[in-house]
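Dear colleague,

Please find below the structure that I am handing over to you. My findings follow directly after it.

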2 protein chains.
Amino acid sequence: MAIRVPKKPAHAYQHGNLRHALIQAGLRLLSEGGVANLSLRAAAQLAGVSHAAPYRHFADKEALVAAIAEEGFALLTAALQASTPPTPAAFAKRLAEMAVAYVNFALAHPAYLRVIFGGVVDKEHAPQSLRIAGETAYGVLRTLVADGVAAGAFRAGDVDEMALSCWSMVHGFGMLLSDRALPPPLCEAVTAEAMTRSLVKHLLGGIESGAPPTKS
Amino acid sequence: MAIRVPKKPAHAYQHGNLRHALIQAGLRLLSEGGVANLSLRAAAQLAGVSHAAPYRHFADKEALVAAIAEEGFALLTAALQASTPPTPAAFAKRLAEMAVAYVNFALAHPAYLRVIFGGVVDKEHAPQSLRIAGETAYGVLRTLVADGVAAGAFRAGDVDEMALSCWSMVHGFGMLLSDRALPPPLCEAVTAEAMTRSLVKHLLGGIESGAPPTKS
DNA sequence: TGATTATGTTTACACCGTACACATATTATG
DNA sequence: CATAATATGTGTACGGTGTAAACATAATCA
């Protein structure tokens, strides 16, 4: 099949969507050897083209990285969205599940995390699509928090402040985990999921004395 | 002076502590052009030596980066320690001040942050001194939390869980800030310090409905 | 003083990002 | 259909990078 598809701009005419092949190759390099292992030339070789071919699809290396990061954001968004069980549960539980999903994503795809948040791509000068992808991922959490506030499950207040509290905490924990930068008493004392639930519990109930005891 | 100091092992005999000069040069490169701008050869040139000279002091590039990261940890530790005012204040306030100090450090020294937490150095196989430096920085916060728990200011519970909650949140916020990865409604709506205080307030008082209203 | 060690230089190699000129396949246009 | 324009890929080239090996020299030690 597909012998006669000259009208499809999605996969180009010679190689057959080299752009996508380069993103895939970049991902593989990234997963295998970390950020240091990602190079345009190696990606080109994996895709079976010359080392200069990528420049027909990406302005420079950073553009490739940005494309990979964008894909990573999409995956993260999907993971966060899938975390909410079909039967709508209590908001506190939904928040915990979403946090676990974030941390699990960080552990399952450390290469994506590095590319997205590792400072490889200059988010200020990056293509707008990447920024939008990031905002979309954040929007999933923000919506949950906003709904929780509207439903009275979360305290009234600035939604973005609350959402950012949760985002920062889970993001920080995920980064520390994927960097293996956790201080030793926490390294493997418990599973990442259990620790994530503890963190969320502390954020929900507060750590200051006088706050009501956490339920579960 | 210092014509006759053949007994000091701290600064070597030919160049005069090239190791330190290389760290300084690396820092400058890092501050000026980000991680991508840091190279052994450029550092050697800044130090006025040949491009192979660094290998007498660092096994490879990662060793230089690790040394820089270690210095960064020391600076961070000092900043955190200095955040506690000489007159011991309430634990909640001290925690907030420490969080602000962390975020200010992230904003003032983004290059250090990148090197320490940006995945440039493989913390698993890094020299032990780097790990100790990291644990020392974390220990400053942990001590504060432990003291707060002992004094009854913070809720009784696992100290490390609580400390990690705060560390993760502040670390995540600092990383997002220094990456300029904050979602747009938060980008510059308020100052980083004000937002940091809000985050800490949420962690202290909890965001779940039913928690007591935050005091301030 | 002579040997050893610490430190730095030179040379060399493979790899990298990227620019440029060129070739070719597709598409558009007369 | 013929041909021009465009999209895509190749080859070559240049400077920069990490790092290894051989060599040179300065400091220290026996």
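Among contacts in chain A between residues at least 6 apart in sequence, those joining residues at least 24 apart make up 63%. Please note that this is a predicted model. Chain A has 216 residues, of which 47% count as buried. Its secondary structure comprises 9 helices and 0 strands, giving the pattern α-α-α-α-α-α-α-α-α along the sequence.

I then examined helix 3 of chain A, which covers residues 61-83. With 23 residues at 1.5 Å a residue, helix 3 should span 33 Å, and this agrees with its end C-alpha atoms, which are 33 Å apart. The buried residues of this helix include Leu64(A), Val65(A), Ile68(A), Phe73(A), Leu76(A) and Leu80(A). Glu70(A) and Ser83(A) are also among the buried residues of helix 3. What covers the buried residues of helix 3 includes helix 1 (18-33), helix 2 (40-47), helix 4 (91-108), helix 5 (110-117) and helix 6 (128-150) of chain A.

Turning to the two chains, 47 residues of chain A are in contact with 47 residues of chain B. On the side of chain B that touches chain A, at least two residues each come from helix 5 (110-117), helix 6 (128-150), helix 7 (159-178), helix 8 (184-187) and helix 9 (192-205) of chain B. Helix 7 of chain B gives the most to that side, with 12 residues. By residue class, the side of chain B that touches chain A consists of 23 nonpolar, 14 polar and 10 charged residues.

With kind regards

Conventions. Residues numbered from 1 in each chain as written. Chains lettered and ligands numbered in written order. Predicted model: local features only at pLDDT ≥ 70, side-chain atom pairs only at ≥ 80, totals over all residues. Helix = DSSP H or I, 4+ residues; strand = E, 2+ residues; numbered from the N terminus. Expected span 1.5 Å × (residues − 1). Buried ≥ 20, exposed ≤ 12 C-beta atoms within 10 Å, placed from the backbone. Contact = placed C-beta atoms within 7 Å. Nonpolar A, V, L, I, M, F, W, Y, C, P; charged D, E, K, R; others polar.
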